[in-house]
Amino acid sequence: MRKTGAGPVAALVAVGVLLLGACGGGAGAPSPASREPGVVTVPTGINPAGIAIGGGYLWVANSGEGTVSKIDLRTDRPVARIRVGDPAGLVGCESGSIHQTPHGDFRIRNCDLPKAVAFEDGSVWAGKGDTKDLVRIDPRTDRIVATVPLGVEAWYIYPTDLGIWVSDWRTDTVVRVDPATNRVVATIPDLPYGPTGMALAPGGLWVADSRASVVTRIDPATGRVVATVPVGPTPLPVVYAFGSIWVRNMNEGNGTVSRIDPETNRVLANVDVGPEAGRDGLDSMAVFRGGLWVSGLYLEKIDPARNQVVVKNRHTSNFVTLGAGALWTVDIAYSVSRIANP
């Protein structure tokens, strides 16, 4: 397999970028302009930590101020900001700077509120970490219409037709919320250490266990673990695409993306990718234009037919997702950008 790593010089650059992103703290709202051709940067609140698209709007979790921004996709302008909670209520959560937090230890995000946002079933869902609840926002009125007690903190939220899945990195637990009743209907405890990203595929919910370097397959009907697949260090985002499960392993420096066959629960390939960027615990992947896009020091496209990186865009990002015919990223400088032609 062709190695696609960035090499020693780029790795040094990556370290600088990582420190910039991690130590930047509570950066404010960015300028609506961007210096990159073909990239539109939109204003948000403090420390965007997640993006969801639905109902004609972009929804951004502003983790440094306890709000969710509502941005009109037609104008790329914010039209509302919904308060979810108060990060000051997370007493004793501070973990210092990246210099005090080991790589792969997501405690750098302990004070984030909300840590994630999702759109499903005509609603916006966000985690209220100060009270271990999930809030449901009506996108028409921009009001919280339900508060769901979870008993765990919503570090990652994954919406599906079967319900809203929430993983808690700290307590090794995944819960499922029924949007018809606004209640927790399943709690799956004692998973391998550090459940983070999730993906639903036929026959299973796949969960990355970031502190255990494995991916767990759960039967969504019974909540039982049916397979555990070893992958690389610190797996975080998981995607089901092109008939496979893909998980990004965040080595310190260059990383890999493992491709898993959901029929056999075996790793088919490990694709070399460049370094992650910014604060640990945000990285993600998105399917767009026949490939899998990976956030990091470069925005990279993996060709599933060749199991290798075929595009390396110099746009540096923490997080990437697909919506409204474009890729959306949470950038290293605490901003959010739309990229129509990466």
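Predicted model: local features only at pLDDT ≥ 70, side-chain atom pairs only at ≥ 80, totals over all residues.
Figure 1. Residues are numbered from 1 along each chain as its sequence is written, and side-chain values use heavy atoms, with hydrogens and water left out. The chain has one helix and 28 strands; helices (H or I, at least four residues) and strands (E, at least two) are DSSP runs, numbered from the N terminus. Of the 342 residues, 59% count as buried, where buried means under 20% relative accessible area, exposed over 50%, and partly exposed in between (1.4 Å probe, protein chains only).

**Figure 2. The largest pocket and its lining.** The largest pocket holds about 840 Å³ of space. Ile157, Tyr158, Met285, Phe319 and Thr321 are the closest to its centre among the 37 residues that line the pocket. A pocket is an open set of points on a 1 Å grid over the protein atoms alone, with protein on both sides within 12 Å along at least five of seven lines; a cavity is a set where a 1.4 Å probe fits but cannot get out, and lining residues have an atom within 4 Å of a point. Grid points are joined across faces, edges and corners, and a volume is the space filled by probe spheres set on the points. Strands that each supply at least two lining residues include β2 (48–54), β10 (156–160) and β26 (317–323).

**Figure 3. The largest cavity.** The volume of the largest cavity is about 60 Å³. Of its 12 lining residues, Pro48, Arg279, Leu282, Asn318 and Tyr334 are the closest to the centre.

**Figure 4. Strand β7 and its two partners.** Strand β7 (residues 123–128) is largely enclosed by the rest of the structure, because six of its six residues are buried. Ser123, Trp125 and Gly127 point one way, and Val124, Ala126 and Lys128 the other way. β7 pairs with β6 in the antiparallel sense over four bridges, and with β8 (residues 133–138) in the antiparallel sense over five bridges; two strands pair if DSSP finds at least two bridges between them. Glutamate 120 stands opposite serine 123, and leucine 134 in β8 is the bridge partner of glycine 127.
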